[in-house]
Amino acid sequence: MRPARARRSSSDGPVDLRSDTVTRPTKRMREAMAAAEVDDDVLGHDPTMRELETRVAGLLGTDDALWTPTGSMGNLIALMSHLRRGDCFLAPAGAHVLEAELGTAAWLAGGMPRPLPHDAGPGKVSPGAVRRAAGGAGPYYTMRTTLLCLENTHNAAGGTVTAPDEHAGVAAAARAAGLRVHLDGARLWHAAVALGVPPATLTVGADTVQVCFSKGLGAPVGSAVAGSTEFVQEARRLRKMLGGGVRQGGVLAAAALVGLDRMERLADDHAKARLLAAGLRERGWSAGIPETNIVLIPVADLDGTLRRFADAGVLASSMDGKVRLMPHADVSEADIAAALDRIGPVDPTPTVERMGLAGPGLGSSTRRSGHTPVRRTRR
Ligand SMILES: Cc1ncc(COP(=O)(O)O)c(C=O)c1O
């Protein structure tokens, strides 16, 4: 007998809003995976992976692109190619490369991280801040700052979008100061759809770009790192070194190609996030207005709130000390409405309890619920 499949969302199962990575491959993806034309991509090139890489390079406006199993590996490959041991690199505070990649930027790529405050709005740094941080050549004992690593959308800032002119201004300032520029575009598709612009308009001035197919696009696996032809040749060597060379990867690339076909669908996720945030505000939670599909809620008791949501049947994750909820393709507007009903008002204590009149057994949703506990994630 087949084991029962965990349900992502339904009127009776938990509504899973931990991340936009929790989606299951669609029927069309699975069919494309089954039918994919493949070959050994370590010995040569897998044709479906190559098709994906060429398409991604076209979308991003780069010479070429290379499939990687994860976004973390794509970022690491870029940083390894840009940094020499002991070089300093700049990134907006809270960037994934600073906070959620186990320090690989330092201990594998050799970079000394320097977080920059968001002086140009949430998730964004200004050209002036980059110029100041890049500095000039100092005394012989000072670090060389050689790289700026941007992130669009910025996950920890709540999926905030950097517009083409803002991005180009910061990238130009970095280049003028002699820095190379890497763009962590794990959710660059989300930014492009939110702005209604082609993704390539958001990569101007970047030497390398990393994008993910498993976040919002619904593919089960995969990212790409893109840049010049020379960079991609070197990236292929680094990927192999890191154990990321796969053989018949076309099976995975096929799902990513289908994911790219449905990129415009991300607008629905952004709309669901706005609906969710508005409903939360009506219930007294201090959720802002999301620019994409990430809803952050600052709360006094993070663990307690995550537990309360899970007990009520809404799975959330933590991000930068806040509760994070992320609508995705596998949740409907009805699921969002159900999630709001389950979460309820910020202070759920019934009046009788507040007056100290409640008897034993009243008031705890925990005791009533059998829902799965949340896991802390930072995807
Ligand atoms: C902004 C950002 N960059 C990189 C990554 C890493 O991607 P992966 O989980 O595929 O390693 C993530 C994951 O969520 C992310 O949000």
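Two residues count as in contact here if their C-beta atoms, placed from the backbone, lie within 7 Å. With that in hand, let's start with the whole chain and then zoom in.

**Figure 1. The whole protein, as a predicted model.** Take the contacts between residues at least 6 apart in sequence: 76% of them join residues at least 24 apart. The protein has 15 helices and twelve strands. Of its 379 residues, 49% are buried.

**Figure 2. Helices α6 and α7 side by side.** Here we look at α6 (residues 127-134) and α7 (residues 164-176), whose axes come within 8 Å and cross at roughly 20°. Angles under 35 degrees count as roughly parallel, and therefore α6 and α7 are described as roughly parallel to each other. Their crossing is right-handed. Who touches whom? On the α6 side you'll find P127, V130, R131 and A134, and they meet G169, V170, A173 and A174 of α7. Sorted by class, this contact has six nonpolar residues, one polar and one charged.

**Figure 3. Strand β7, buried on both faces.** Strand β7 covers residues 208-212, and five of its five residues are buried, so the strand is largely enclosed by the rest of the structure. In a regular strand the side chains alternate between the two faces of the sheet. For β7, one side carries T208, Q210 and C212, while V209 and V211 sit on the other. Next to β7, pairing with it in the parallel sense, is strand β6 (residues 180-185), and the two share four bridges. Pick out D184 and look across to β7: its bridge partner there is Q210.

**Figure 4. A three-stranded open sheet.** The strands run in the order β9-β12-β11, with antiparallel pairing. At the edges are β9 (295-298) and β11 (317-319), each pairing on one side only. From one strand to the next, the twist averages 40°. Zoom in on β11 and β12 (residues 322-325) and you can trace three bridges between them, in the antiparallel sense. Which residue of β12 is the bridge partner of S318? That's V323.

**Figure 5. Helix α12 and the glycine just after it.** Helix α12 spans residues 302-312, and its buried residues are L306, R308, F309, A310, D311 and A312. Just past the end of α12 comes G313, which takes a positive phi of about 100°.

Definitions and conventions
Residues are numbered from 1 along each chain as its sequence is written. This is a predicted model: local features need pLDDT of at least 70, side-chain atom pairs count only at pLDDT 80 or more; totals for chains, interfaces and linings use all residues. Axes are lines fitted to C-alpha atoms, for helices over the stretch in contact, and angles run from 0 to 180 degrees between N-to-C directions. Angles under 35 degrees count as roughly parallel, over 145 as roughly antiparallel, 65 to 115 as roughly perpendicular and the rest as oblique. A crossing is left-handed if the near helix is turned anticlockwise from the far one by less than a right angle, and right-handed if clockwise. Ala, Val, Leu, Ile, Met, Phe, Trp, Tyr, Cys and Pro count as nonpolar, Asp, Glu, Lys and Arg as charged, and the others, Gly among them, as polar. A residue is buried if 20 or more other C-beta atoms lie within 10 Å of its own, exposed if 12 or fewer, and partly exposed in between; C-beta atoms are placed from the backbone. Two strands pair if DSSP finds at least two bridges between them.
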